[in-house]
Amino acid sequence: MPLQIYIAGQFYDKENAKISVYDHGLLYGDGVFEGMRSYSGKVFRMKEHMDRLYESAKAICLNIPISKEQMEADVNKTLQINSLKDAYIRLMVTRGSGSLGLDPNRTSNPQVIIIADSITLYPEEHYLKGLKIITASTIRNHPAALSPRIKSLNYLNNIMAKIEGLQAGCIEALMLNIQGEVAECTGDNIFIMKNGELLTPPKDAGILDGITRNAILDLARSHGIPAMERTLTRHDLFVADECFLTGSAAEVIPVVSIDGRPIADGEVGTTTKKLMSAFKTMVHQ
Ligand code: PMP
């Protein structure tokens with residue numbers, strides 16, 4: 001059976017899963033999304049993803065046509081119908097189709113789309129040897145322009161930074177905020193270890209409130225590693241003892257070099273390794 005895609009309560013074969021070209025999700029990037037993982041058939045931190053999705057929608061004045069409970073049930077149904085246990089789930093809610101022109105009042109029927117599929121974001125060797133990243137000159141969206149807390153269907157800000165990274169031979173890139181402080185990477189949050197402390201930029205640095213980020217903060221504390229939010233600059237990264245990124249798709253991935261400068265001795269750090277393995281255990285619990 002071909003992969004089944006959920007659109008507005010119905011399932012369609014992958015090649016027949018289509019929405020209108022008049023959907024404002026396509027016309028203007030007007031909509032919100034989530035990227036989730038299921039492990040052994042259970043969605044990791046489903047509630048947190050639902051809360052973030054509905055908050056993103058609220059922030060853009062988009063009414064999701066179904067309840068959180070229904071959404072959770074539909075996500076699970078999409079996994080079941082495709083017999084998927086370990087999967088990546090992409091959930092989108094578009095503004096719906098309407099007439100040309102920005103006015104969201106001229107749209108109807110926000111579309112809920114659920115795709116459950118497999119994903120390999122980064123090649124396995126990078127989990128073993130670590131990523132080399134650069135700082136992009138494209139800064140993260142100013143929160144007064146579009147809050148980075150909103151996981152919107154318009155990812156051009158991050159895509160421009162990703163292109164800079166790729167042009168420099170790096171598959172991930174660091175983004176700073178308007179103050180020149182470290183924000184996050186194009187699709188992942190960032191952490192460093194310094195003098196036995198685990199540090200990550202605060203939410204008001206203009207970042208996505210990452211669910212993996214929060215899981216790692218919990219995990220570190222439960223392993224006796226002091227973990228806190230702290231404003232970070234590139235200097236802090238250059239002199240860090242260890243560095244890694246987190247995200248639902250990426251999970252936990254080490255960083256060994258930033259802008260051509262090795263982090264510590266350029267090897268994957270011991271705490272990073274410890275947290276990578278603790279995270280693996282956590283998601284399978
Ligand atoms: N920052 C950005 C910009 C992201 O798109 C993502 C998700 N890919 C993350 C951070 C990580 O968030 P999460 O752990 O919730 O997947």
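Me: What makes a residue part of the lining of the largest pocket?
Reply: The largest pocket is lined by 35 residues, and Phe-33, Lys-151, Tyr-155, Thr-186 and Gly-187 lie nearest its centre. On a 1 Å grid over the protein atoms alone, a pocket is an open set with protein on both sides within 12 Å along at least five of seven lines; a cavity is a set where a 1.4 Å probe fits but cannot get out, and lining residues have an atom within 4 Å of a point. This model is predicted, with local features needing pLDDT of at least 70 and side-chain atom pairs 80 or more, while totals for chains, interfaces and linings use all residues. Residues are numbered from 1 along each chain as its sequence is written, and side-chain values use heavy atoms, without hydrogens and water.

Me: How do you know which domains the lining draws on?
Reply: Domain 1 (4–117) and domain 2 (124–283) each give at least three residues to the lining of the largest pocket. The bounds come from an automatic or database domain assignment.

Me: Why are β2 and β4 at the edges?
Reply: The open sheet of six strands runs β2-β1-β8-β5-β3-β4, paired antiparallel. β2 (10–13) and β4 (42–43) each have a single partner strand, so one side of each is left without a neighbour in the sheet. Strands are DSSP runs (E, at least two residues), numbered from the N terminus.

Me: What makes β3 and β5 a pair?
Reply: Pairing takes at least two bridges found by DSSP. β3 (residues 31–39) and β5 (residues 87–94) share eight, in the antiparallel sense, so they count as paired. Met-36 has Ile-89 in β5 as its bridge partner.

How values were computed. Helices (H or I, at least four residues) and strands (E, at least two) are DSSP runs, numbered from the N terminus.
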